[in-house]
Structures are given as C-alpha cells and as structure tokens.
Amino acid sequence: MTITSFYPTPRTLMGPGPSDVSPRVLSALGRPTIGHLDPEFVQMMDEIKSLLQYAFQTKNELTMAVSAPGSAGMETCFVNLVEPGEKVIVCVNGVFGSRMVENIQRLGAHAIVINDEWGTPVDVNKVKQAFKDNSDVKFLAFVHAETSTGVLSDAKALCAIAQENSALSIVDAVTSLGGVELKVDDWGIDAIYSGSQKCLSCVPGISPISFSAKAVEKLTSRKSKVPSWFLDLSLVMGYWGGTGKRSYHHTAPVNSLYALHESLVMLQDEGLENAWQRHKNQHLKLKAGLEKLGIAFVVEEQYRLPQLNTVLIPQGVDDAAVRQTLLNEYNLEIGAGLGGFAGKAWRIGLMGYAARTENVTLCLAALADVLV
Ligand code: PLP
C-alpha cells in the first residue's frame, strides 16, 4: 500500500480543546521556516514576550512560551519552584488539579490536598483553613478554569490568601487565558502557565508562562538543581533572552511560534476586554438555545466558564452515538464528559476563534436535528 498525503476533513472544534484555529494563524504557520537564532526570529520572540505580557496583564520579565503543550507549562512551574520536602496546598476540583498533585508528589514535596466536588469551584474558606492548620506552607496551587468540569474559581481571592500567608501562587490558566478576566499583576499571581490551543485560537503544542519577581527569587535561591534539564528556566532563559545574549538551548518550534505570534496579535487587535466579552456573549447565545432544547447546565450560573459549557445529556440519549453523528454528519466535535461526568455530560467549547455566532448556530441546529 502506498501511503499518500494526509488531508484531514475540516471540522468545527467545539470541545474542550484544541479549538478552532483562526485562518490567519494557520496561514502564519505556513510562512517560510527560518533559523531559530536568525535575528528576525529573535526579534519576533521579543514581540511574543510583549504580547504575552499584555495577554497575562503583567510586567513580569520572565514571560515566555515553553516549546511544548500546557502539561509542560505545568511541569515548568512545579519543577522550577518546588523542592523536595516543601509543603504545597493544592486544590483539586477536577482532572487538572489532580495532575498538579502528581507533579508535587513526583518532586518529593508534600501535597496538602483540598478536595472540592467536581462541578463546584475551589472553596476559598477551606484554603484559608488549610493555611491555619499547616505551618510553613510555601505554595498554593490551583486551576483557574477547570476544563474537565467547566468551572471558574476565584483566582483573585485565592492569590490574596497565598500572599497573606507568604506563600507563592501557582495558577493553571490553560483554559482561562484570553477567555475570561485574568490579571496576573493585579491579582499577585506568582507562576502561571497556559496553552496555545484554547482561547488563543492557535495550534496546540505551546505553553505561555510567566513568573513574578518573587518566583524568580525562589528559583534562583534553590538549594537543589532543577530536576528537569529541558524545563530548567535558568537554562531556557539563555535562549529566550533573560541573560541578554541568546544561546542555543533547544530548536524552537519556529513555525508554531509564528502561529502564536499571529494569535497574540489578533488578541491585541481585538482587545482583551472585548475578547472576554465575546466569549460571554456567545455563551449566552448558546445557553438560550440549549435551554430551548431542554438541555440543562451542570454548573451553577455564577461559576460557569463561558468558554466551556458542561451540560447534562438528556435522559435516554445515547452519548457516544450523538457525538459520532455530530462528527460524521455535521463535522462538529463536542467533548465527552470526564470522570464522574462520563456518559452524563457533554462539554461544549466556545474557545477563541470558536466563540463565534456561526459556531453557536451550527451547534444548536445540529443538536436539534440529532436529538429529535
Ligand atoms: N490544564 C488544563 C486546565 C487543561 O485544560 C489542559 C488541557 O486540556 C492542560 C492543563 C494540559 O494541557 P495540554 O493538553 O496542552 O498538555
């Protein structure tokens, strides 16, 4: 058999990510590859840094893009900051909080786990109590927007608690960046990571991160070596410009960084507040349409993520069959439920370029057809 070129069927991506990539971003991806130390490329990296500072609303010097997906952004935060034996209060209200626990435990650190029910936000009072009950806690880690449940937690309040207790905050903003309000400096976030494939309308595989001055101080005063060579920021920053001169660390994903640059230019041109509002508006349109179809939300209104709508599968409906029909007949992808929500809920994403009226209209029309 001769294998020929791969041409995927174009889909509308309304799941938990990757989400629809803007055509502008796809076209940036196809621009000629140049060297990863070419002066033009290095200048573009500087622009990515400023654009990320805007997207994160920070002046943090250490702001860059990790050459790997959101999970690597998560590991970058933990391996650089957390040392064996240190205490981390970690909030778990879905899949990604559990992954933080894994990271902490694999580093030989002590995870003080605060569990909240799936579908509910992190309970701020439990976090306050955990700080009272435990001395010498170095970090508070939590997920701002839990993609497994569609819940938004109060990052501002949680970071304030960390600060009151002289702990550093580590925040997962993979699904929140570009989709809902997020203010790194105002809220006093110390280490944050995101992903390119959600509300930034970019291709998967890049993880923007940002570290505050306090986080950098923790990194530079480590007693032990960072246990990952690839993710060691003191080495990576030699390439991203932290030391003033650029030296080879790894071969950057050149074209993917063109894509990220384009997506961030789009965000800058639209304006952050407008992007947050667009996600909200499209969520409200989707909500109105779903309610007409008799489909209810899992999460209480005030904690709902506009960019990730977790809804109950109507009684008697075959979850997998519906999603298969949407994919085969409408080229529309929506997400299955995870964990306790498997078979009970769907996750309908409105992330980045997918947060548009035509997507909402298609999704509602397709569901109305399939559910009759
Ligand atoms: N954190 C959250 C909240 C996510 O939604 C995801 C991916 O969906 C990740 C982390 C991991 O990102 P990636 O799949 O890009 O490695």
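Two ground rules. Numbering starts from 1 along each chain as its sequence is written. Because this is a predicted model, local features need pLDDT of at least 70 and side-chain atom pairs count only at pLDDT 80 or more, while totals for chains, interfaces and linings use all residues.

The chain first. It has 13 helices and 13 strands; these are DSSP runs, H or I of at least four residues for helices, E of at least two for strands, numbered from the N terminus. The radius of gyration is 21 Å, close to the 21 Å from the globule rule for 372 residues, so the chain is as compact as a globular protein of that length. That radius is taken over C-alpha atoms, and the rule is 2.2 Å times the number of residues to the power 0.38.

Now the ligand. It is surrounded by 14 residues, and the closest are P69, G70, S71, T147 and V174. Near means a C-beta atom, placed from the backbone, within 6 Å. Helix 3, residues 70–81, gives the largest share of that shell, 3 residues.

Last, R347. An unreviewed UniProt entry annotates R347 as "binding site"; such annotations may be inferred rather than shown by experiment. R347 sits in strand 13, residues 345–349. Why does R347 count as buried? Because it has 24 C-beta neighbours inside 10 Å, and the cut-off for buried is 20 or more other C-beta atoms within 10 Å, placed from the backbone. Beyond four places in sequence, R347 has contacts including G15, P16, G150 and L308; contact means C-beta atoms, placed from the backbone, within 7 Å.

How values were computed
A residue is buried if 20 or more other C-beta atoms lie within 10 Å of its own, exposed if 12 or fewer, and partly exposed in between; C-beta atoms are placed from the backbone. Two residues are in contact if their C-beta atoms, placed from the backbone, lie within 7 Å.
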